[in-house]
Amino acid sequence: MRLPLSVTVITLNEERNLGRCLKAIADIAAEIVIVDSGSTDRTAEIAGSFGATFVFNKWSGFNAQREFGALHCTQPWILALDADEEVSDELRASLIKAIGHGDTPHAGFAFSRRTFYLGAWIWHVWYPEWRLRLYRCEGSRWVSEEPHGYCEVQGSVQRIKGDLLHYSFRNLTEHLTKTLGYARTAAAINHRKGKKFNGLRMISGAGFRVFRDLILKSGWRDGWRGVLIAMIGGYSSFAKQAFLYEAELEAKKPPS
């Protein structure tokens, strides 16, 4: 059945992932809107094979891409996805139940994301990871700072069953590269907001992040994958403060 649903997907050279993402929702969505920031591979061709609307928007952050996609949606409900995500069968059934049988009092629906990492699903350190991704088009907006914005809706939010499957990192190199990029972005935003470097936080924050992920979130139960995730998380916390320190040093340099 076709739902009163627009699916938006953010892309940049996603030929490896996009087909899997769209196949899972193509027959239940009234429309698909691809927001692309300059792909040079087969992304546009794959989108066209699913009848998707393909629009270009120069990259200006996750929130801006999602907001731009919403401007091209015509349905009352939006499902916001990344190209490396896939709606599971159980989640698909929950989506139909949530908005496919008459009106609902809720403004949004949240579900958990489950990540595939180095050849296996992660069941502890990154799970459950609740995300509000199904929401009414009217009255919603993406807020907070990059790279981890969230959708703000006017009304209640209900959690539903089923996982959003996440194929995020192909290998450790990609994981470390993205982590470093996110840390640099977060530090730049904090610097603009006037936040100051804190050496104690740089050291203790990294240690607490590892402890939280390994022990409090039971990352050890994910084996060495959990250890890697926890250690890279600590590295991320450390790098945010390190980049903030660098930004403060650059700001103190006399103009050339």
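Residues are classed here as buried when their relative accessible area is under 20%, as exposed when it is over 50%, and as partly exposed in between, with a 1.4 Å probe and only protein chains considered. The structure is a predicted model, in which local features need a pLDDT of at least 70 and side-chain atom pairs count only at pLDDT 80 or more, whereas totals for chains, interfaces and linings use all residues. Residues are numbered from 1 along each chain as its sequence is written, and side-chain values use heavy atoms, with hydrogens and water left out.

Side chains of opposite charge can pair when their charged atoms come close. With a salt bridge defined as a side-chain nitrogen of Lys or Arg within 4 Å of a carboxyl oxygen of Asp or Glu, a search of the whole structure returned 14 salt bridges. Helices (H or I, at least four residues) and strands (E, at least two) are DSSP runs, numbered from the N terminus.

One of these salt bridges pairs the side chains of Glu129 and Arg113, with an N to O distance of 2.9 Å. This pair links distant parts of the chain, since Glu129 occupies the loop between β7 (120–121) and β8 (130–136) while Arg113 belongs to strand β6 (residues 108–117), 16 residues apart. Glu129 counts as buried because its relative accessibility is 17%, and Arg113 counts as buried at 10% relative accessibility. Through salt bridges that share partners, Glu129 and Arg113 are joined with Glu85, Arg131 and Arg133 into one network.

A salt bridge is also formed between the side chains of Asp82 and Arg66 (2.7 Å, N to O). Asp82 lies in strand β4 (residues 77–82) and Arg66 in helix α3 (residues 62–71), so this pair ties together parts that are 16 residues apart in sequence. Asp82 is buried, with a relative accessible area of 14%, and Arg66 is likewise buried, at 6%.

The side chains of Asp27 and Arg92 meet in a further salt bridge, at 2.7 Å from N to O. Because Asp27 lies in the loop between α1 (18–23) and β2 (29–36) and Arg92 in helix α4 (residues 89–99), the pair ties together parts that are 65 residues apart in sequence. Asp27 is partly exposed, with a relative accessible area of 40%.

On the surface, Leu118, Leu172, Leu176, Leu228 and Tyr235 form a nonpolar patch with about 350 Å² of accessible area together. Helices α5 (172–192) and α7 (223–252) each supply at least two residues of this patch. Tyr235 is found in helix α7 and counts as partly exposed, at 33% relative accessibility. Patches are made of residues with over 30% relative accessible area and no salt bridge, like charges being joined within 9 Å and nonpolar side chains (Val, Leu, Ile, Met, Phe, Trp, Tyr) within 5 Å; accessible areas come from the Shrake-Rupley method with a 1.4 Å probe, and for residues only the protein chains shown count as cover.
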